[in-house]
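I opened my notebook to look up pockets first, then the sheet and its surroundings. Here is what I wrote down.

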Amino acid sequence: MRRVRYESTGGPLFVEEAPIPEPGPGELLVRCAAVGITLPMVRKVTEAAEPVQLGGEVAGEVVATGEGVTRFRVGDRVTGLCFGYGYAEFAVLHEAMTSPIPDDADAVTAVALVRSGLVALGALEAARLAPGESVLVTAAASGVGHLAVQLARARGAGRVLGAVSGRAKADFVRSLGADDCMQYEDDSWGDPVDCVLDAVGGDLLTPALAALAPYGRLVAYSSGGGTVQAYDLLVGAKSVIGFQMALIARGRPDVYEQWRQDLWRLFAEGAVKPAVHGEFALEDAAAARQVIMSRANLGKVVLRP
C-alpha cells in the first residue's frame, strides 16, 4: 500500500510503499476513502523531537477485523481516529474509537463531521451552554470551529460570535449563521459573552478571557498552550475548563455514543453541515499540510488515498 511518511523533524513528507497492516485484538483494518488533516498532527511534524506516525481521522470500509471485535464486520463503512499511520490507503482503527457511517453520508462528509463535530459538541457540553446564552468561538473557520458555530446555534445559543485571523474567514463564519465575526487584532471583540470555546491558546488566551462576562466559562480544547493569571479569573468569577475528546471516548463510551448519535441527527435535520476546504491526493499531502500551517482553510482539509 501507499502511505505518507517523513524522516526528520519538519519533513519533507513523501509517499512510500509499505506492507498492509494487520488488525490486532479490538482493531479494524479499514480501506481509507478519506483522511482528515488535523492541526495537532501538523504541529507534531515540526515540533516532535523524533518523527511520528501520521495519524488522524479516517473514513472508509472495513476489510478485516481483529480478535474480539463485536460492533463491526467486513464491509461496514466507518470513521474513526487512527493512532498509527493514517495518511495511507489502509489504516488500523481501535473499535472503541470508531463509528458507523449512515447510508445517506459519504466518506468525506463523515471524516469532516464526526471527529471535529464531537470535539465541538463536547466543548459546548463542557461549557455548560444554556439556552439563550452567548458564545464566542476562536479559530471559527477551522475544522472544529466552523462546526462549533453551527452547533452552538442548534443548541439554543442566543448570540453566536466567531474570532478569526482574516477578513475572508470572517465572511465565511458569518455565512454559517454567526451573528458577527471579529478578527484577532481588533481592539474589541464586542459585548462580553457567557462562553468562549478556544482552539488557539497562547497569546490569544488574554483577549479570549477578557471577552468573558462575569461568571463566564472558557473551554480550552486545543494544544496551543498558554498561561492564565489567577487574578484575571478572580475579578470576574470566571472559569477555565480543559477538554479532551480522547478521555471521553476511552473512559465514557456511553457519552461518546450519545454525542455521536446527536451529531448525526443534527446533520440529518440540516442543522449542521460540514464544509470541506479542499481534497488532496496522498502525493499532495505536503500541500494539504501547508494549507493548515498557513491557517488558510475554511473548514476541513481532506486527503483522498
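I began with the second largest pocket of this predicted model. I read a volume of about 150 Å³ for it. I found 13 residues in its lining, of which Pro21, Gln53, Gly84, Tyr85 and Val92 lie nearest the centre. Strand β6 (residues 90-94) gives the largest share of that lining, three residues. By class I noted eight nonpolar, three polar and two charged residues.

Next I turned to the largest pocket, with a volume of about 1200 Å³. I listed 46 lining residues; Thr38, Leu39, Pro40, Met41 and Ser222 lie nearest its centre. Elements giving two or more residues to this lining include α1, β4 (56-65) and α2 (107-127). Helix α1 supplies the largest share, six residues. The classes came out as 24 nonpolar, 14 polar and eight charged.

I then checked α1 itself, residues 39-47. Its buried residues are Met41, Val42, Arg43 and Val45. Helix α9 (285-293) is among what covers them.

Last, I looked up the sheet. Six strands form an open sheet with parallel pairing, in the order β10-β9-β8-β11-β12-β13. β10 (180-183) and β13 (239-242) each have a single partner strand, so one side of each is left without a neighbour in the sheet. Neighbouring strands are turned by 20 degrees against each other on average, direction ignored.

I took one pair in detail. β11 (residues 193-198) and β12 (residues 212-220) pair in the parallel sense over five bridges. Val193 stands opposite Leu212 in β12. I also logged helix α4 (residues 167-175), which lies across β9 (159-164) and β10 and runs at about 160 degrees to β10.

Note on methods
Residues numbered from 1 in each chain as written. Predicted model: local features only at pLDDT ≥ 70, side-chain atom pairs only at ≥ 80, totals over all residues. Heavy atoms only, no water. Buried < 20%, exposed > 50% of the residue type's maximum accessible area, 1.4 Å probe, protein only. Helix = DSSP H or I, 4+ residues; strand = E, 2+ residues; numbered from the N terminus. Contact = heavy atoms within 4.5 Å. Pairing = 2+ DSSP bridges. Axes fitted to C-alpha atoms, helices over the stretch in contact; angles between N-to-C directions. 1 Å grid on protein atoms, 1.4 Å probe; cavity = no way out; pocket = protein on both sides within 12 Å on 5 of 7 lines; lining within 4 Å. Points joined across faces, edges and corners; volume = space filled by probe spheres on them. Nonpolar A, V, L, I, M, F, W, Y, C, P; charged D, E, K, R; others polar.
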